[in-house]
Amino acid sequence: MRILILLNFLVTLTACSGVGTPVVIPERTAAGEVEIVMMTANSVDAANASRYEPRTVPAIFARTTGIPDATRGLGALPAPVHSAQVRPGSLPTRLPPDLLPAPYRIGVGDVLVLSTPGGDTTAEALTGLLAAQNSRQDYTVQDDGAVSIPDVGRVELGGLTLPEAEARVFQAVLDAGFEPSFSLEISEFNAQRVTIGGAVGAPAVIPITLTPLRLSEAISQAGGITAAEREMATIRLYRDGALYRIPLFAYLEDTEIRGLTLKDGDSLYVDAEYDLAQAEAFFREQITLRTTRFNARSTALDQLATEIGMRRAELNEARGNFRARLEMDAVARDHVYIAGEVGQQSRYTLPFERRATLADAIFDAAGGVPNESGNIGEVYVLRGTGDGRGIRAWHLDAYNAANLVLATRFELRPDDVIFVSEKPLSALSRSLTQIAAGLALVL
């Protein structure tokens with residue numbers, strides 16, 4: 001009697017263990033009709049044809065701190081200050097290097113005049129320009145190197161020669177839809193200047209114009225040299241951090257020295273060689289001016305660094321908040337579900353901004369297919385047909401390892417289910433294990 005009971009138990013247990021092994025069968029189910037499609041190159045292309053756009057990461061991950069457009073500070077950093085001069089026993093001549101001829105370039109503070117003809121057609125076409133010409137309204141180059149022309153807008157002219165500026169204004173007027181009939185002149189030269197002081201008739205700041213400014217012209221505009229000791233008088237030229245010396249006798253005897261071309265930022269001082277107190281005070285004033293510009297520029301750079309740091313902190317905080325929400329699963333994501341005989345049954349999250357494949361899911365999240373139990377010839381991707389009436393199961397037979405290439409091409413879609421069947425021997429082994437456990441209970 002006990003043996004009969006044991007046999008009935010084994011039969012029942014074996015039957016139950018066989019029913020518990022999941023498989024994919026092309027039949028009518030509660031989820032709809034199941035259709036099995038063999039995974040081939042053509043069927044993979046058909047599966048990938050379904051519309052799907054991966055989710056994108058927030059725009060904050062593409063943004064950078066950037067640099068503000070506003071110009072800061074008082075201009076370029078000054079050149080290094082030349083070391084103090086030691087009084088020589090004689091009066092040697094030390095001339096600056098020759099300057100290459102260069103056209104005048106428009107700079108900040110220059111005043112430009114835009115003239116237009118007085119004809120009726122031009123007056124009608126260039127009302128804003130003509131009004132400015134009739135009222136003699138000049139255009140001052142602002143600190144960003146641009147001028148604002150009525151009905152045309154802002155035009156950047158800083159750093160251009162006069163012909164280049166005319167071409168730039170010509171194009172701007174033409175783009176504004178007006179007839180480009182005008183002439184451009186510089187009425188006031190304020191961007192490039194030379195200072196002269198010391199033993200001269202009238203210390204002055206002399207502008208550089210379209211024609212080169214010569215040393216003799218600058219001294220003449222300052223009222224000439226008034227030094228009492230003309231034999232020991234010296235013209236000192238401070239340029240680009242270097243101090244040059246021109247004795248008065250050399251200046252008077254040499255026409256080339258008198259014709260020396262001056263450049264923007266030059267400082268001239270006329271004094272007697274045996275009295276350097278006034279020259280020292282003059283150059284100290286020039287050095288103080290350049291130090292002020294340097295300090296202003298340094299402050300502007302510090303402000304810029306602070307602003308960029310605040311922007312970077314804001315971006316990092318926003319990115320950190322997004323990552324925290326991502327870790328708490330508070331961000332909408334697309335998932336694929338992996339079941340069956342895999343290394344780890346899990347939910348695989350589809351990546352941002354790219355499409356994942358069947359191979360990505362199996363060999364990443366699932367940890368691959370175990371050789372002992374997984375049936376590599378029975379790999380399925382189950383996907384709803386879209387009309388809610390059925391399921392399409394793409395079957396990958398990877399017993400031929402070459403077919404694994406199809407897994408790298410098959411694109412996954414949200415809510416796909418990846419299923420890997422177990423080997424028949426694995427199912428039998430599990431059944432025998434259950435039978436052995438049952439025998440142990442009965443006996």
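Is Phe-322 buried or exposed, and what is its relative accessible area? Phe-322 is buried, at 13% relative accessible area. The views below come from a predicted model.

**Figure 1. The aromatic cluster of Phe-61, Phe-322 and Phe-352.** The structure holds 4 aromatic pairs. In the pair of Phe-61 and Phe-322, the ring centres are 5.6 Å apart and the planes stand at 70°, so the pair is edge-to-face. Phe-61 belongs to the loop between H2 and S3 and Phe-322 to helix H9, so this contact ties together parts that are 261 residues apart in sequence. Phe-61 is partly exposed, with a relative accessibility of 29%. The rings of Phe-322 and Phe-352 have centres 6.2 Å apart and planes at 50°, which makes this pair tilted. Here the link runs from helix H9, which holds Phe-322, to the loop between strand S14 (346-349) and helix H10 (358-365), which holds Phe-352, 30 residues apart. Both Phe-322 and Phe-352 are buried.

**Figure 2. Arg-333 over the ring of Phe-352.** Arg-333 lies over the face of Phe-352, at 4.0 Å from the ring centre. Phe-352 itself is buried.

**Figure 3. The salt bridge of Asp-334 and Arg-55.** The closest N and O atoms of this pair are 3.3 Å apart. Asp-334 sits in the loop between helix H9 (277-327) and strand S13 (335-340), and Arg-55 in the loop between helix H2 (41-48) and strand S3 (111-115), so the bridge ties together parts that are 279 residues apart in sequence. Asp-334 is buried, at 11% relative accessible area, whereas Arg-55 is partly exposed at 34%.

**Figure 4. The salt bridge of Asp-144 and Arg-154.** The closest N and O atoms are 2.7 Å apart. Asp-144 is in the loop between strand S4 (139-140) and strand S5 (146-149), and Arg-154 is in strand S6 (residues 153-156), so the pair ties together parts that are 10 residues apart in sequence. Asp-144 is partly exposed at 40% relative accessibility, and Arg-154 is partly exposed at 44%.

**Figure 5. The salt bridge of Lys-263 and Asp-240.** The closest N and O atoms lie 3.0 Å apart. Lys-263 is in the loop between helix H8 (255-258) and strand S12 (267-272), and Asp-240 in the loop between strand S10 (233-239) and strand S11 (242-247), so the pair ties together parts that are 23 residues apart in sequence. Lys-263 is partly exposed, with 27% relative accessibility, whereas Asp-240 is exposed at 54%.

**Figure 6. The salt-bridge network of Arg-355, Glu-411 and Arg-413.** Salt bridges with shared partners join these residues into one network. The whole structure has 13 salt bridges.

Conventions:
Residues are numbered from 1 along each chain as its sequence is written. This is a predicted model: local features need pLDDT of at least 70, side-chain atom pairs count only at pLDDT 80 or more; totals for chains, interfaces and linings use all residues. Side-chain values use heavy atoms; hydrogens and water are left out. A salt bridge is a side-chain nitrogen of Lys or Arg within 4 Å of a carboxyl oxygen of Asp or Glu. Helices (H or I, at least four residues) and strands (E, at least two) are DSSP runs, numbered from the N terminus. Buried means under 20% relative accessible area, exposed over 50%, partly exposed in between (1.4 Å probe, protein chains only). Rings of Phe, Tyr and Trp (its six-membered ring) pair if their centres lie within 6.5 Å; planes under 30 degrees apart count as stacked, over 60 as edge-to-face and the rest as tilted. A charge sits over a ring if NZ of Lys or CZ of Arg is within 6 Å of the ring centre and within 35 degrees of the ring normal.
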